[in-house]
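Colleague: I am new to reading protein models. Could you walk me through one, feature by feature?

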Amino acid sequence: MIGQVANRYAEAIFELAEEENKTTEIFSELEQIAKTISENANLYDALRSPFVSRDDKKSIVDKVFYDGFSSYTKNLIKVLIDNGRTTEFASIVDSFKNMLNDKEKVAEGVVITAIPLSKEKISELEIKISARYNRSVKLVNKIDESILGGVLVRIGNEEIDGTVKARLDGLKEQLSQVIS
(Lines give C-alpha, C1' and ligand atoms only; values in the text may rest on other atoms or scores of the structure.)
Protein backbone atom coordinates (compact mmCIF):
# COMPACT_ATOMS: atom_id res chain seq x y z
CA MET A 1 0.00 0.00 0.00
CA ILE A 2 1.32 3.40 -0.98
CA GLY A 3 1.35 5.95 1.83
CA GLN A 4 0.87 9.69 1.83
CA VAL A 5 4.58 10.38 2.23
CA ALA A 6 5.44 8.34 -0.85
CA ASN A 7 2.65 10.02 -2.82
CA ARG A 8 3.99 13.48 -1.96
CA TYR A 9 7.50 12.67 -3.12
CA ALA A 10 6.16 10.98 -6.25
CA GLU A 11 3.94 13.97 -7.05
CA ALA A 12 6.89 16.34 -6.68
CA ILE A 13 9.18 14.42 -9.02
CA PHE A 14 6.30 13.72 -11.41
CA GLU A 15 5.56 17.44 -11.71
CA LEU A 16 9.24 18.18 -12.38
CA ALA A 17 9.35 15.42 -14.99
CA GLU A 18 6.19 16.73 -16.67
CA GLU A 19 7.64 20.24 -16.92
CA GLU A 20 10.53 18.77 -18.89
CA ASN A 21 8.33 16.26 -20.80
CA LYS A 22 10.42 13.43 -19.36
CA THR A 23 7.94 11.41 -17.33
CA THR A 24 8.64 8.17 -19.19
CA GLU A 25 12.42 8.60 -18.98
CA ILE A 26 12.32 9.49 -15.28
CA PHE A 27 10.09 6.49 -14.57
CA SER A 28 12.55 4.24 -16.39
CA GLU A 29 15.39 5.61 -14.25
CA LEU A 30 13.38 5.17 -11.06
CA GLU A 31 12.67 1.55 -12.00
CA GLN A 32 16.35 0.90 -12.74
CA ILE A 33 17.40 2.39 -9.42
CA ALA A 34 14.76 0.42 -7.51
CA LYS A 35 15.87 -2.78 -9.25
CA THR A 36 19.54 -2.10 -8.52
CA ILE A 37 18.81 -1.42 -4.86
CA SER A 38 16.60 -4.50 -4.44
CA GLU A 39 19.09 -6.79 -6.18
CA ASN A 40 22.11 -5.58 -4.21
CA ALA A 41 21.80 -6.44 -0.51
CA ASN A 42 24.85 -4.37 0.48
CA LEU A 43 23.51 -1.26 -1.24
CA TYR A 44 20.05 -1.86 0.22
CA ASP A 45 21.47 -2.21 3.72
CA ALA A 46 23.82 0.79 3.40
CA LEU A 47 21.04 3.15 2.28
CA ARG A 48 18.82 2.12 5.19
CA SER A 49 21.42 1.76 7.92
CA PRO A 50 21.39 4.30 10.75
CA PHE A 51 25.12 3.58 11.18
CA VAL A 52 26.04 4.93 7.73
CA SER A 53 26.21 8.72 7.69
CA ARG A 54 24.06 10.75 5.32
CA ASP A 55 27.16 12.05 3.56
CA ASP A 56 28.44 8.50 3.06
CA LYS A 57 25.05 7.43 1.70
CA LYS A 58 25.08 10.34 -0.77
CA SER A 59 28.61 9.43 -1.80
CA ILE A 60 27.47 5.84 -2.41
CA VAL A 61 24.58 7.11 -4.55
CA ASP A 62 26.96 9.27 -6.59
CA LYS A 63 29.30 6.32 -7.17
CA VAL A 64 26.65 3.71 -7.97
CA PHE A 65 24.39 5.94 -10.06
CA TYR A 66 27.00 8.24 -11.57
CA ASP A 67 26.25 7.54 -15.22
CA GLY A 68 23.02 7.45 -17.19
CA PHE A 69 20.80 8.93 -14.50
CA SER A 70 19.34 12.41 -14.45
CA SER A 71 19.92 14.86 -11.65
CA TYR A 72 16.18 14.52 -10.83
CA THR A 73 16.44 10.91 -9.78
CA LYS A 74 19.79 11.25 -8.02
CA ASN A 75 18.56 14.33 -6.16
CA LEU A 76 15.38 12.51 -5.15
CA ILE A 77 17.44 9.80 -3.48
CA LYS A 78 19.59 12.43 -1.75
CA VAL A 79 16.49 14.23 -0.46
CA LEU A 80 15.18 10.90 0.82
CA ILE A 81 18.51 10.33 2.56
CA ASP A 82 18.41 13.81 4.14
CA ASN A 83 14.88 13.24 5.38
CA GLY A 84 15.45 9.66 6.54
CA ARG A 85 12.92 8.33 4.03
CA THR A 86 14.94 5.90 1.92
CA THR A 87 12.57 3.11 2.97
CA GLU A 88 9.85 4.88 0.96
CA PHE A 89 11.67 4.60 -2.39
CA ALA A 90 9.84 1.52 -3.71
CA SER A 91 6.47 3.06 -2.79
CA ILE A 92 7.47 6.32 -4.51
CA VAL A 93 8.24 4.37 -7.70
CA ASP A 94 4.84 2.62 -7.48
CA SER A 95 3.05 5.93 -6.95
CA PHE A 96 4.92 7.52 -9.87
CA LYS A 97 3.94 4.54 -12.03
CA ASN A 98 0.27 5.00 -11.10
CA MET A 99 0.47 8.70 -12.03
CA LEU A 100 2.12 7.87 -15.34
CA ASN A 101 -0.52 5.22 -16.09
CA ASP A 102 -3.29 7.74 -15.34
CA LYS A 103 -1.65 10.30 -17.61
CA GLU A 104 -1.25 7.80 -20.45
CA LYS A 105 -4.65 6.15 -19.82
CA VAL A 106 -3.14 2.75 -19.11
CA ALA A 107 -4.64 0.13 -16.80
CA GLU A 108 -2.51 -2.75 -15.59
CA GLY A 109 -3.98 -6.04 -14.57
CA VAL A 110 -3.49 -9.73 -14.07
CA VAL A 111 -5.05 -12.55 -16.04
CA ILE A 112 -5.09 -15.74 -14.00
CA THR A 113 -5.42 -19.05 -15.82
CA ALA A 114 -4.84 -22.73 -15.10
CA ILE A 115 -2.31 -22.98 -17.94
CA PRO A 116 -0.07 -20.31 -19.51
CA LEU A 117 -1.65 -18.16 -22.22
CA SER A 118 0.16 -17.42 -25.47
CA LYS A 119 1.19 -13.82 -26.17
CA GLU A 120 -1.45 -13.73 -28.91
CA LYS A 121 -4.24 -14.74 -26.51
CA ILE A 122 -3.09 -12.16 -23.97
CA SER A 123 -3.08 -9.50 -26.71
CA GLU A 124 -6.60 -10.47 -27.80
CA LEU A 125 -7.80 -10.23 -24.21
CA GLU A 126 -6.07 -6.87 -23.74
CA ILE A 127 -7.84 -5.49 -26.82
CA LYS A 128 -11.27 -6.69 -25.66
CA ILE A 129 -10.82 -5.36 -22.14
CA SER A 130 -9.31 -2.08 -23.38
CA ALA A 131 -12.55 -1.37 -25.23
CA ARG A 132 -14.54 -1.99 -22.05
CA TYR A 133 -12.39 0.31 -19.89
CA ASN A 134 -11.67 2.93 -22.56
CA ARG A 135 -8.00 2.63 -21.61
CA SER A 136 -5.05 0.70 -22.90
CA VAL A 137 -4.93 -2.46 -20.78
CA LYS A 138 -1.69 -4.32 -20.08
CA LEU A 139 -2.06 -7.81 -18.62
CA VAL A 140 0.39 -10.15 -16.94
CA ASN A 141 -0.43 -13.86 -16.99
CA LYS A 142 -0.26 -15.73 -13.68
CA ILE A 143 -0.91 -19.43 -13.28
CA ASP A 144 -3.25 -20.90 -10.65
CA GLU A 145 -4.19 -24.51 -11.30
CA SER A 146 -6.93 -24.36 -8.66
CA ILE A 147 -9.21 -22.39 -11.00
CA LEU A 148 -9.43 -25.53 -13.19
CA GLY A 149 -10.01 -23.61 -16.43
CA GLY A 150 -11.31 -20.35 -17.82
CA VAL A 151 -9.98 -16.90 -17.06
CA LEU A 152 -9.93 -14.58 -14.06
CA VAL A 153 -8.98 -10.97 -14.82
CA ARG A 154 -8.16 -8.43 -12.10
CA ILE A 155 -7.75 -4.76 -12.94
CA GLY A 156 -7.50 -2.48 -9.96
CA ASN A 157 -10.35 -3.34 -7.62
CA GLU A 158 -12.42 -4.99 -10.34
CA GLU A 159 -12.59 -8.66 -11.15
CA ILE A 160 -13.96 -10.46 -14.18
CA ASP A 161 -14.42 -14.10 -13.20
CA GLY A 162 -14.98 -16.53 -16.05
CA THR A 163 -13.38 -19.52 -14.37
CA VAL A 164 -14.70 -23.06 -14.23
CA LYS A 165 -14.22 -23.01 -10.46
CA ALA A 166 -16.53 -19.96 -10.14
CA ARG A 167 -19.15 -21.65 -12.31
CA LEU A 168 -18.93 -24.87 -10.27
CA ASP A 169 -19.18 -22.90 -7.02
CA GLY A 170 -22.26 -21.14 -8.42
CA LEU A 171 -23.86 -24.46 -9.36
CA LYS A 172 -23.03 -25.86 -5.94
CA GLU A 173 -24.75 -22.87 -4.30
CA GLN A 174 -27.83 -23.25 -6.51
CA LEU A 175 -28.04 -26.97 -5.78
CA SER A 176 -27.72 -26.42 -2.04
CA GLN A 177 -30.62 -23.93 -2.17
CA VAL A 178 -32.81 -26.38 -4.09
CA ILE A 179 -31.96 -29.31 -1.81
CA SER A 180 -32.43 -27.34 1.46
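Colleague: Let me start with charges. Which residue forms a salt bridge with Asp102?
Modeller: First, a caution: this is a predicted model. Now the general idea. A salt bridge pairs a side-chain nitrogen of Lys or Arg with a carboxyl oxygen of Asp or Glu, within 4 Å. Here the partner of Asp102 is Arg135, with the closest N and O atoms 3.8 Å apart. This pair links distant parts of the chain, 33 residues apart. Arg135 is in the loop between helix H7 and strand S2, and Asp102 is in helix H6.

Colleague: Is Arg135 buried, exposed or partly exposed?
Modeller: Use the cut-offs. Under 20% relative accessible area is buried, and over 50% is exposed. Arg135 has 26%, so Arg135 is partly exposed.

Colleague: How many salt bridges does the structure hold?
Modeller: Five. One of them joins Lys58 and Asp82, whose closest N and O atoms are 2.6 Å apart. Lys58 lies in helix H4 and Asp82 in helix H5, so this pair ties together parts that are 24 residues apart in sequence. Lys58 is partly exposed, at 21% relative accessibility. Asp82 is partly exposed too, at 34%.

Colleague: Which residue meets Asp62 in a salt bridge?
Modeller: Lys78, with an N to O distance of 2.7 Å. Look at where the two sit. Asp62 is in H4 and Lys78 is in H5, so parts 16 residues apart in sequence are tied together. Asp62 is partly exposed, with 35% relative accessibility.

Colleague: In which sense do S1 and S3 run?
Modeller: Antiparallel, with four bridges joining them. Check Ile112, which stands opposite Leu152 in S3.

Colleague: Why is S1 called largely enclosed?
Modeller: Count the buried residues. S1 spans residues 106-113, and six of its eight residues are buried, so the strand is largely enclosed by the rest of the structure.

Colleague: How many bridges join S3 to S4?
Modeller: Six, and these two strands run antiparallel. Val151 stands opposite Gly162 in S4. S3 and S4 form a hairpin with two residues between the strands. Gly156 in this hairpin takes a positive phi near 60°.

Colleague: What is the phi of Asn21?
Modeller: It is near 55°, a positive value in a residue other than glycine. Asn21 is in the loop between H1 and helix H2. With a relative accessible area of 66%, Asn21 is exposed. Another case is Leu148, with a phi near 70°. Leu148 is in the loop between S2 and S3. Leu148 is exposed as well, with 54% relative accessible area.

Colleague: Which residues make the nonpolar surface patch of about 340 Å²?
Modeller: Leu148 belongs here, along with Val164, Leu168 and Leu171. Val164 is in helix H8, residues 164-179. Val164 is partly exposed, with 30% relative accessible area.

Colleague: Which residues form the negative surface patch?
Modeller: For a charged patch, look for like charges. This one is formed by Glu11, Glu15, Glu18, Glu19 and Glu20. Glu11 is in helix H1, residues 4-19. At 41% relative accessibility, Glu11 is partly exposed.

Colleague: One last residue. Is Ser95 buried or exposed?
Modeller: Buried, at 2% relative accessibility. Ser95 is in helix H6. Now try reading a distance. The C-alpha atoms of Ser95 and Leu43 are separated by 22 Å, and the two residues are 52 residues apart along the chain.

Methods: Residues numbered from 1 in each chain as written. Predicted model: local features only at pLDDT ≥ 70, side-chain atom pairs only at ≥ 80, totals over all residues. Heavy atoms only, no water. Patch = residues over 30% accessible without salt bridge, like charges linked within 9 Å, V, L, I, M, F, W, Y side chains within 5 Å. Areas by Shrake-Rupley, 256 points an atom, 1.4 Å probe, with all protein chains shown as cover. Lys, Arg positive; Asp, Glu negative; His and termini not counted. Charge placed at Lys NZ, Arg CZ, Asp CG, Glu CD. Buried < 20%, exposed > 50% of the residue type's maximum accessible area, 1.4 Å probe, protein only. Pairing = 2+ DSSP bridges.
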